[in-house]
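Colleague: I am new to reading protein models. Could you walk me through one, feature by feature?

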Amino acid sequence: MRLIQSAQNMARIAIADGMAPAAIELLENAGHEVVNEPISSDELLKGALSDFDAIVVRSATKLPAEVIAATSDRLKVIGRAGVGVDNIDIKAAAKAGIPVVNAPRASTQSVIELTIGHLLASLRHLPRANRGLREGKWQKKTMGGTELSGKTLGLIGFGRIAQGVGAIAQAMGMEVHAFDPYLPVKIAKSQNTKMHKTVDTLFKNCTHISIHCNLTDETHHLVNGERMAMMPGRSRDGINCGNHIVNCARGGIIDEIALLHSLENGIISSAALDVFEFEPIDPDYVLLQHDNFHGTPHIGAATLEAQSRVGKDIANAIMTVLNGDKCETTVNRDLL
Ligand code: MLT
């Protein structure tokens, strides 16, 4: 780890992607100088972080190995105001002796609620029905949907968010299945969830899939055309409900071109994405042209409550490291 000097009492902290005002106040009240403005990738590559003791990013600012290599010894900690750290090269940071800290619990409830919202919006055609109304169409006859109750939900990944989604889905009458090779069986058992040993059997058994894992080499395009074609389309209550997919986790886990083809050939009846492989997407992005697709611009954690918790958690994590203490949300701890 980089040496923490006495200047820690007055650290200079870059907030590159914004942060809740109360969290900025927390840092300033502790005597730190906060520079709350975006830093371009060009500036980062030219070593803009060398003038800072800490940087806090969300998902917009990318910190690859070249950016980390361009920092001076002054940079002591990188904060990710959120969960996913796929925009930061955590190995390169560890090699440079820089801990990367995140706020893994702060947005859980917000992402759970958005996921359920997307599921319901898909099944009852809310985006399409609203579009029709705006165009002066009263499409009562063509907006028939299906219930969640009686259907089988498959969760890819079974961490905090997936467990929360599963609990609400069960309360709405769904049977919940999950695939998570990293989860202790004990936890799955306590959630009344059928765990699958392979992701393929999850797809074969579930009419509704929701993604809740990290983006890694292993999960990149895990949801592909072949797997979508395995979904049954008919639920255990005997309804031809079709197949439905939601992703509020990370772009890149679904092969979006395969998803488009599956929507076109009717294998997938609806898809809702909050996250995309390449963000932001353009208005003419192909998926947006399909009637049974709707999306949101990566807003899983965009609630007042989540942002206030994220800001507070990450400000405290940053200060913990600057004080020379160990932070329990250091994601590259084992590599340092
Ligand atoms: C996260 O990883 O915390 C979410 O995707 C939210 C975000 O990046 O803004």
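This is a predicted model: local features need pLDDT of at least 70, side-chain atom pairs count only at pLDDT 80 or more; totals for chains, interfaces and linings use all residues.

Colleague: Let's begin with the fold. How many helices and strands are in the protein?

Modeller: The protein has twelve helices and twelve strands. Its radius of gyration is 22 Å, close to the 20 Å from the globule rule for 336 residues, so the protein is as compact as a globular protein of that length. Along the principal axes, its C-alpha atoms fill a box of roughly 70 × 50 × 30 Å.

Colleague: What percentage of the residues count as buried?

Modeller: A residue is called buried when its relative accessible area is under 20%. Here 50% of the 336 residues count as buried. As for the surface, the protein exposes about 16,300 Å², and carbon and sulfur atoms supply 52% of that area.

Colleague: Now the ligand. Which residues surround the ligand?

Modeller: Around the ligand you will find R58, S59, R80, G82, V83, G84, R250, H298 and A301. Sorted by class, this shell holds two nonpolar, four polar and three charged residues.

Colleague: And where should I look for polar contacts?

Modeller: Look for pairs of N or O atoms within 3.5 Å. An oxygen atom of the ligand lies 2.6 Å from an N or O atom in the H298 side chain. A polar backbone atom of V83 is also 2.6 Å from a ligand oxygen atom. For the side chain of S59, the distance from an N or O atom to an oxygen atom of the ligand is 3.3 Å.

Colleague: How much of the ligand's accessible area does the protein cover?

Modeller: On its own the ligand has 270 Å² of accessible area, and the protein covers 91% of it.

Methods. Residues are numbered from 1 along each chain as its sequence is written. Side-chain values use heavy atoms; hydrogens and water are left out. A residue is near a molecule or strand if one of its heavy atoms lies within 4 Å of it. A polar contact is a pair of N or O atoms within 3.5 Å; within protein, one must be able to donate a hydrogen and the other to accept it, and residues adjacent in sequence count only if both atoms are side-chain atoms. Accessible areas come from the Shrake-Rupley method with a 1.4 Å probe; for residues, only the protein chains shown count as cover. Ala, Val, Leu, Ile, Met, Phe, Trp, Tyr, Cys and Pro count as nonpolar, Asp, Glu, Lys and Arg as charged, and the others, Gly among them, as polar. Helices (H or I, at least four residues) and strands (E, at least two) are DSSP runs, numbered from the N terminus. The radius of gyration is taken over C-alpha atoms; the globule rule is 2.2 Å times the number of residues to the power 0.38. Buried means under 20% relative accessible area, exposed over 50%, partly exposed in between (1.4 Å probe, protein chains only).
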